[in-house]
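Here is a brisk report for a first look at this structure. Keep the model open while reading.

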Amino acid sequence: MNFTAKQIASLIDGTIEGDENAIVNDFSKIEEGKSGSISFLSNPKYTHFIYNTEASVVIVDKNLKLEQDVKPTLIRVDNAYESVAKLLQIYQQMMPQKKGIDEHAVIAASAKIGQDVFIGAYVVIGENAVIGDGTQIEAHTVIGDNVSIGNQCHIYPHVTVYHGCKLGNRVVLHAGTVIGADGFGFAPTPNGYEKIPQIGIVTIEDDVEIGANTCVDRSTMGSTYVRKGVKLDNLIQIAHNTDIGENTVMSSQVGVAGSTKVGKWCMFGGQVGISGHITIGDNVHIGAQAGVPSSLKSNQTLIGTPVMEKIPFFKSQALYQRLPEIYKQISEMQKELDELKKKNK
Amino acid sequence: MNFTAKQIASLIDGTIEGDENAIVNDFSKIEEGKSGSISFLSNPKYTHFIYNTEASVVIVDKNLKLEQDVKPTLIRVDNAYESVAKLLQIYQQMMPQKKGIDEHAVIAASAKIGQDVFIGAYVVIGENAVIGDGTQIEAHTVIGDNVSIGNQCHIYPHVTVYHGCKLGNRVVLHAGTVIGADGFGFAPTPNGYEKIPQIGIVTIEDDVEIGANTCVDRSTMGSTYVRKGVKLDNLIQIAHNTDIGENTVMSSQVGVAGSTKVGKWCMFGGQVGISGHITIGDNVHIGAQAGVPSSLKSNQTLIGTPVMEKIPFFKSQALYQRLPEIYKQISEMQKELDELKKKNK
Amino acid sequence: MNFTAKQIASLIDGTIEGDENAIVNDFSKIEEGKSGSISFLSNPKYTHFIYNTEASVVIVDKNLKLEQDVKPTLIRVDNAYESVAKLLQIYQQMMPQKKGIDEHAVIAASAKIGQDVFIGAYVVIGENAVIGDGTQIEAHTVIGDNVSIGNQCHIYPHVTVYHGCKLGNRVVLHAGTVIGADGFGFAPTPNGYEKIPQIGIVTIEDDVEIGANTCVDRSTMGSTYVRKGVKLDNLIQIAHNTDIGENTVMSSQVGVAGSTKVGKWCMFGGQVGISGHITIGDNVHIGAQAGVPSSLKSNQTLIGTPVMEKIPFFKSQALYQRLPEIYKQISEMQKELDELKKKNK
């Protein structure tokens with residue numbers, strides 16, 4: 001489908017510099033821009049690409065200052081990143097959505113299936129499961145007995161939702177995600193560990209998106225909670241009995257240990273580890289690879305293991321790197337001190 | 001099903017305080033306790049919840065001291081956590097167990113299937129595979145050629161067991177686990193890496209439980225071993241040619257590199273990394289996120305990267321956080337020293 | 001199949017010490033060597049095993065010096081490790097390869113399937129997908145619409161390749177790997193995060209091997225690239241918009257954040273974390289668990305968080321462990337200094 005720069009500008013409330021009739025039919029990264037495609041420039045790191053890009057149209061921030069002429073038509077907007085997000089959403093909505101139930105799917109007779117769903121090949125849906133209207137379940141996903149799934153969800157291939165778990169509306173689960181596997185609970189005995197059955201569930205509220213191969217474990221009793229609007233990246237571990245607050249975002253490979261409560265609007269970088277049985281406040285930002293051994297109050301930005309505030313952390317880190325030199329200084333000071341002491345006897 | 005406090009007390013050898021006829025039909029966390037449910041109190045952190053819980057019955061430790069009256073019936077036992085584990089096990093055993101072979105399963109004619117098994121929809125079982133009595137294989141699991149699986153195992157959906165691997169009795173594998181993928185072995189050549197075929201297997205002994213999306217790689221030759229009673233959490237990497245000793249427990253996201261031998265009764269916290277080609281003794285406990293670069297003797301509790309004993313580690317960590325202040329002190333000492341030296345010339 | 005030591009020596013251009021008619025029909029690790037098997041000795045750490053091994057034949061380096069007589073026939077070669085790799089490759093090639101299309105597979109009518117392929121039970125292949133000659137797709141793998149896969153690829157069970165992604169020739173994907181899930185992109189709004197659709201793809205070039213449960217995310221627009229000859233271990237995260245250079249190798253549980261460009265012939269140890277929006281040069285070696293916060297030039301070997309050169313890192317690490325002792329020294333120096341100052345008033 002072809003769009004002119006003018007048409008696009010009107011969708012995102014932008015002003016045009018250059019040929020308003022420039023035609024595009026694809027998106028491209030600015031550094032790979034091709035004729036006929038639209039790109040965007042948001043991160044100042046990439047500004048230099050605008051002078052060479054072959055893209056026909058580039059969306060830029062209103063206040064971008066150029067140092068020389070550029071070839072593409074520019075569309076200036078308040079926030080280039082948000083405008084591109086909006087365009088991509090429009091584009092996505094134009095894509096046809098799959099509907100219908102594949103003949104190769106095993107759906108228990110007692111399951112309740114909503115209107116306008118898509119259920120792909122080899123999907124298995126267990127006894128008494130409930131699937132909401134407009135929900136898409138792609139090939140090979142397994143929905144356990146007594147699971148309930150809301151409306152307009154999108155579940156990608158090879159997802160497993162264990163028995164009894166509850167998903168809200170507009171939940172997205174990417175391929176290979178496992179919801180509701182047993183929490184890791186064992187009691188030691190002299191002959192080995194004894195399993196503590198995990199009879200709780202996982203509750204995933206509305207508008208949650210969970211990446212590929214991430215695991216959210218079922219509670220020992222009651223429920224593990226992933227609250228409204230949470231976004232989890234790939235390969236994350238959410239242990240049993242946890243409660244992840246609204247609109248919290250975690251990057252890939254984060255691990256949250258059992259029975260921990262995380263507040264709202266938190267943001268955890270990649271590979272962060274959070275201890276069990278602690279409470280993290282709201283709006284806590286934690287840098288990549290950090291380790292959090294104990295509870296944290298709201299409204300902090302922390303980094304390191306154990307987590308510290310940013311500026312002292314970077315100071316400590318810099319001095320850590322200089323330890324050999326500092327130690328040499330200490331040794332020399334010691335010598336001088338010893339000599340002075342001799343003189344002063 | 002309803003139980004009275006009296007019936008439950010007799011199951012776990014407890015003594016009752018309060019109404020022995022209180023009726024429960026569900027479990028709940030103490031902080032979410034509802035009327036008609038039984039809770040427990042084991043971690044002293046949660047003691048305050050007992051004064052407000054709506055649970056009808058709470059299992060507590062024999063020596064718990066209360067500071068005010070409580071509403072629920074109490075059942076006092078030697079160890080509340082163990083008693084709840086026992087009750088949960090009884091509850092779990094009362095659940096009906098699935099049996100039979102789903103019509104949508106592809107089982108090689110040469111495979112040997114035991115008595116009283118459950119084989120779910122779309123399971124694939126390869127040539128000459130052996131499945132023991134009472135084993136449950138849930139939907140979508142793939143069992144390769146020549147795999148042997150013991151009795152009373154429970155394999156959840158979407159597990160892959162590659163050809164030739166051996167599982168003992170009562171092994172539990174959670175969803176998405178991969179047993180026997182190729183070990184990571186490549187030889188560099190000027191034109192790129194050349195694959196070293198991995199022709200060994202994985203041997204998983206009796207009573208092992210492995211979490212969701214965990215990977216145990218096949219050996220280059222011979223076998224990778226996961227010994228009797230080992231418990232692995234989710235998203236763990238066990239590389240090829242390793243040997244994980246009896247009753248060792250690893251939390252989520254641990255990685256053990258190739259050819260390493262881990263002893264018995266070890267316990268590794270989340271995200272720990274263990275180098276390749278080393279030997280870890282028995283009963284070694286390693287704190288979360290630690291890195292282990294070299295072999296370790298038995299009977300140690302260690303933490304940090306590289307691992308250290310706990311008390312020196314916490315001291316070093318505290319001083320690390322104070323490095324900016326310490327460095328300032330050193331700089332001031334240096335000045336004072338220089339002045340003294342001048343005076344003493 | 002039986003081979004004599006003489007036959008094997010001729011395959012790998014080795015010289016025999018001992019009985020050239022010794023017969024083997026299996027491989028074994030040297031420490032577990034059984035009569036009738038062939039082992040190898042490459043890592044000097046394991047040399048002592050040669051004096052007790054029951055293996056009938058052992059491949060060793062040309063210049064290995066023995067301190068006493070050994071029982072097995074030795075085959076001396078330039079590089080024992082490479083020779084074993086070669087033998088294993090020959091052995092692997094002798095294994096029968098599966099062919100044909102399982103009757104339980106759902107292949108879109110518009111898909112183009114090459115010659116001599118294997119397509120296992122319950123495989124799903126989407127609209128307009130292209131599968132090259134000699135490619136093996138094992139049970140339960142899901143190939144999305146418009147995916148193209150080259151020749152001689154081997155895709156293990158439970159892999160998901162999302163729509164539109166492109167794989168070259170001789171690509172190996174192990175079980176549970178997810179290629180092309182949405183990149184992690186959300187824009188904050190006062191009411192929660194808004195999804196940024198990810199309309200790009202993943203391009204995997206020739207001769208790439210990817211381990212079990214690893215994730216490579218699709219680009220926001222354009223493509224995420226995994227270049228020729230890259231080898232990725234299990235449970236790795238490759239975020240969207242990244243470009244992983246030719247012949248780069250990553251151990252298990254590495255995470256590479258979004259929009260980062262990694263050069264050729266790099267080597268990352270287990271659990272390394274690489275920040276987003278940076279550039280790593282060619283031939284950069286990074287030790288296990290390191291954290292890389294910013295761009296790195298080519299031809300370096302680094303370790304730690306943030307990464308440092310090896311020798312200063314080990315010095316800093318050693319001094320970190322001695323911080324309590326060093327701090328004590330500083331405190332004593334301070335006292336002495338204070339005394340001297342008094343004397344010198």
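This is a predicted model: local features need pLDDT of at least 70, side-chain atom pairs count only at pLDDT 80 or more; totals for chains, interfaces and linings use all residues.

Residues are numbered from 1 along each chain as its sequence is written, while chains are lettered from A and ligands numbered from 1 in the order in which they are written.

**Symmetry**

Chain B superposes on chain A by a rotation of 120° with 0.0 Å of shift along the axis, at an RMSD of 0.1 Å. That is how a three-fold axis relates its copies. Chain A can likewise be laid on chain C by a turn of 120° and a shift of 0.0 Å, with an RMSD of 0.1 Å. The superposition is by least squares on the C-alpha atoms of residues with pLDDT of at least 70 in both copies.

**Sheets**

Helices (H or I, at least four residues) and strands (E, at least two) are DSSP runs, numbered from the N terminus. Two strands pair if DSSP finds at least two bridges between them. Pairing in a sheet works through backbone hydrogen bonds, either parallel or antiparallel.

In chain A, nine strands make an open sheet with parallel pairing, in the order E10-E13-E16-E19-E24-E27-E30-E33-E36. Strand E10 (112-113) and strand E36 (279-280) of chain A are the edge strands, and each pairs on one side only. Chain C has an open sheet of nine strands too, with the order E10-E13-E16-E19-E24-E27-E30-E33-E36 and parallel pairing. There, E10 (112-113) and E36 (279-280) of chain C each have a single partner strand, so one side of each lacks a neighbour in the sheet.

| Strand pair | Sense | Bridges |
|---|---|---|
| E24 (201-204) and E27 (223-226), chain A | parallel | four |
| E27 (223-226) and E30 (243-244), chain C | parallel | two |
| E22 (186-189) and E23 (192-195), chain C | antiparallel | four |

Ile201(A) has Ser223(A) in E27(A) as its bridge partner. Tyr225(C) is bridged to Asp243(C) in E30(C). Ala187(C) stands opposite Glu194(C) in E23(C). A hairpin of two residues joins E22(C) to E23(C).

**Where chains meet**

Residues are in contact if their C-beta atoms, placed from the backbone, lie within 7 Å. By that rule, 55 residues of chain B touch 51 residues of chain A. On the chain B side, helix H2 (80-94), helix H3 (310-321) and helix H4 (323-343) give two or more residues each. H4(B) supplies the largest share, nine residues. This side has 23 nonpolar, 23 polar and nine charged residues. Here Ala, Val, Leu, Ile, Met, Phe, Trp, Tyr, Cys and Pro count as nonpolar, Asp, Glu, Lys and Arg as charged, and the others, Gly among them, as polar.

H4(A) brings Leu323(A), Pro324(A) and Tyr327(A) to the contact, and H3(C) brings Pro312(C), Lys315(C), Ser316(C), Leu319(C) and Tyr320(C). By class, six are nonpolar, one is polar and one is charged.

Note on methods:
Two residues are in contact if their C-beta atoms, placed from the backbone, lie within 7 Å.
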